[in-house]
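This report concerns the packing of a pair of helices and the pairing of charged side chains. Please consult the sequence and the structure shown below while reading.

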Amino acid sequence: MTNAGDIMHRGAECVREHETLAAAARIMKERGVGALPICGERQKLLGILTDRDIVLKCVAEGLDAEQVTAGDVAQGRPMTVEADEDVEQVLRVMEQYRVRRLPVINHPEHELVGMISEADIARGMPQARVAEFVTAVCAEDSPRSKEVLETPQGV
């Protein structure tokens, strides 16, 4: 049985909650990634920062990326999976919440141990399952997207 730990990439670099969005953007550019986990003390996961977050929550609002911090734009608690979770469960979570990146944590410390991206799914899964995944996550009018929008939180 394949699990999250088998397909994740280890060593995901965190941006600290007090670091600026400009610093985070530079890290994204250097690493060639579109998202960084936001971590507090001892690699405790606090959120996910995407390049889209920087554009929409800072630049488009006329704010200064040298002043706004990663912690300022972190909202809610990110969806996560544990390293020993079955990869089909990982895919279900990503499909249900229509997320393209998923942090992998250890429990109960909630410490980040890796990340799973669309590229990791593509490398680690059969082509037919990858196509199903991409359709579910990316399709604007997919039945799953309507289900997520119509289902109250906490259900």
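The text below treats the helix contact and then the salt bridges.

The model is a predicted one, in which local features need pLDDT of at least 70 and side-chain atom pairs count only at pLDDT 80 or more, while totals for chains, interfaces and linings use all residues. Residues are numbered from 1 along each chain as its sequence is written, and side-chain values use heavy atoms, with hydrogens and water left out.

**Helices α5 and α7**

Two packed helices are described by the angle between their axes and the distance between the axes. Helix α5 spans residues 87–97 and helix α7 residues 127–138; their axes come within 9 Å and cross at roughly 25°. Helices here are DSSP runs (H or I, at least four residues) numbered from the N terminus. The axes are lines fitted to C-alpha atoms over the stretch in contact, with angles running from 0 to 180 degrees between N-to-C directions. The two helices are therefore roughly parallel to each other, a term for angles under 35 degrees.

On the α5 side, Glu-88, Leu-91, Met-94 and Glu-95 meet Arg-129, Glu-132, Phe-133, Ala-136 and Val-137 of α7, contact meaning heavy atoms within 4.5 Å. By class, this contact has five nonpolar, no polar and four charged residues. Ala, Val, Leu, Ile, Met, Phe, Trp, Tyr, Cys and Pro count as nonpolar, Asp, Glu, Lys and Arg as charged, and the others, Gly among them, as polar.

**Salt bridges**

Side chains of opposite charge can pair when their charged atoms come close. With a salt bridge taken as a side-chain nitrogen of Lys or Arg within 4 Å of a carboxyl oxygen of Asp or Glu, the count comes to nine. The table gives examples.

| Glu-30 | Arg-31 | 3.8 Å |

Residues are called buried under 20% relative accessible area, exposed over 50%, and partly exposed in between (1.4 Å probe, protein chains only). Glu-30 is exposed at 58%, and Arg-31 is partly exposed at 46%. Asp-120 is buried at 4%, whereas Arg-123 is exposed at 65%; being three residues apart in helix α6 (residues 118–124), Asp-120 and Arg-123 are separated by about one helical turn.

Glu-132 and Arg-129 lie three residues apart in α7, about one turn of the helix. Glu-132 is partly exposed at 44%, and Arg-129 is buried at 11%. Through salt bridges that share partners, Glu-88, Glu-95, Arg-129 and Glu-132 form one network.

Note on methods. Angles under 35 degrees count as roughly parallel, over 145 as roughly antiparallel, 65 to 115 as roughly perpendicular and the rest as oblique.
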